[in-house]
Amino acid sequence: MYQLVYYSELKDLVDRQRYDIVALGKAITNAESGQRGYLLTGHTLFLDTMEQGRMEAKSVMARFDQHANQLTEIGPQLKRINQLVHEKFDVMDRGIQVQLSAGSYASHLSLSKDKGHVLMMQINHLLSEADGKLESLRADYEQQIRERMVASVLGAILLGMLIISVLIFSYRSTMHLIEQVIKNQAVAEQLSHHAEHDLLTGLPNRRSVDTHLHHIHQLARNTSRPFAIFFMDLDGFKKVNDEYGHALGDALLVEVASLFKKVLRQTDFLARQGGDEFVLVVSIYLHRAELIQLAQRLIQLFAEPVMVRNIPIEIGVSIGIAEYPHHGQQIKQLLLAADKAMYDSKKNGKNRYSFVAE
């Protein structure tokens, strides 16, 4: 009976350690998502998420230290993980400091493939290695338990009750582990979505534009197919904010995003660049005439006032269009060209489209 209880407790300890390994990985992921969200949006709400992830990680590491003498098999991994976790949060803190010092461009500096990415890969590798050892230990303990259960089949009723209690406890521990993993995964996915999408309109944000353009650019280079970038800026939006307030201005942006999506195809990529600026990437077309027709449809959306909270709002849209490879071979060239073409539309009377000057 003593040995049965002993190995059952060890198995439960292994289960808790495996749960803590999952919890540590999710805590760091949550903290990293919070940091990225703050760097991209400047919302301090994401800093709370980052600090919550940091506290959860510290709590898990404390539990690791508490049971270090009982599970020495993963001691080296846990020691190295502890060092890497501290380094990871140091890198994240430096990223926040860059944001505070460098302002709106800090996100581009902090979200590059830097040391933080390498550290996360090392942490995940060590966590996986430690979990593998724990899984092997758990299998050994289960084997020991089964052997002692077989030897104790003819034992007293008390032993049977003990076995039932152990199984119930193990089941509850396993169910709790599964529930926590699902919950943490859902939170991580939600934070990841927020980091890559505009909180107001739900459209992809500036970071998603960079990721999408990188993918389209690589595809275009491999297939020699063109793509186009539309820079779109609302005409008269500042006047709306001044006359009706920012709340109605925000509601107008949501309505404009909805109007844009009505005339786009599923293959077109629409994002909010910031403020009243939108970016559209058209990756499938044959002739420039298709781009002209699309630009005209976008402008036509504002031929009549846009109704926002029962208030008719008169606005327009100025569009600048750049084509790959005709107007540039690199993404940065194309973005600058489309932006300049949009300002040409502004200077030439607004509510119109312009291609990059030949």
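This is a predicted model: local features need pLDDT of at least 70, side-chain atom pairs count only at pLDDT 80 or more; totals for chains, interfaces and linings use all residues.
User: At what angle do helix H8 and helix H9 pack, and how far apart are their axes?

Analyst: Helix H8, residues 237-244, and helix H9, residues 246-262, pack at an angle of about 140 degrees, and their axes are 7 Å apart. H8 and H9 are therefore oblique to each other, because an angle has to be over 145 degrees to count as roughly antiparallel.

User: Which residues of H8 and H9 meet?

Analyst: From H8 come Phe237, Val240, Asn241 and Tyr244, and these meet His246, Leu248, Gly249, Leu252 and Leu253 of H9. Sorted by class, this contact of H8 with H9 holds 6 nonpolar and 3 polar residues, with no charged ones.

User: Which residues touch the most other members of the largest nonpolar core?

Analyst: That core has 42 residues, and those touching the most other members are Leu24, Phe64, Leu71, Ile81, Val85, Leu134 and Tyr141. Two or more residues each are given to this core by helix H1 (2-41), helix H2 (45-66), helix H3 (75-102), helix H5 (115-151) and helix H6 (157-196), and H1 gives the most, with 14 residues. To look at one member, leucine 134 touches Val14, Gln17, Arg18, Ile21, Leu71 and Ile74, when residues up to four places away in sequence are not counted. There is also a second, separate core, which has 36 residues and includes Phe230, Leu291, Ala295 and Ile321.

User: Is aspartate 12 buried or exposed?

Analyst: A residue is called buried when its relative accessible area is under 20%. Aspartate 12, placed in helix H1, has a relative accessible area of 8% and is therefore buried. Leaving aside neighbours within four places in sequence, aspartate 12 is in contact with Phe169 and Ser170.

User: Where is glutamine 296 placed, and what does its relative accessibility make it count as?

Analyst: Glutamine 296 belongs to helix H10, residues 288-300. Its relative accessibility is 43%, so glutamine 296 counts as partly exposed. Along the chain, glutamine 296 and asparagine 351 are 55 residues apart, while their C-alpha atoms are separated by 9.9 Å.

How values were computed. Residues are numbered from 1 along each chain as its sequence is written. Side-chain values use heavy atoms; hydrogens and water are left out. A nonpolar core is a set of buried Ala, Val, Leu, Ile, Met, Phe, Trp, Tyr and Cys residues joined through side-chain atoms within 4.5 Å. Buried means under 20% relative accessible area, exposed over 50%, partly exposed in between (1.4 Å probe, protein chains only). Helices (H or I, at least four residues) and strands (E, at least two) are DSSP runs, numbered from the N terminus. Contact means heavy atoms within 4.5 Å. Axes are lines fitted to C-alpha atoms, for helices over the stretch in contact, and angles run from 0 to 180 degrees between N-to-C directions. Angles under 35 degrees count as roughly parallel, over 145 as roughly antiparallel, 65 to 115 as roughly perpendicular and the rest as oblique. Ala, Val, Leu, Ile, Met, Phe, Trp, Tyr, Cys and Pro count as nonpolar, Asp, Glu, Lys and Arg as charged, and the others, Gly among them, as polar.
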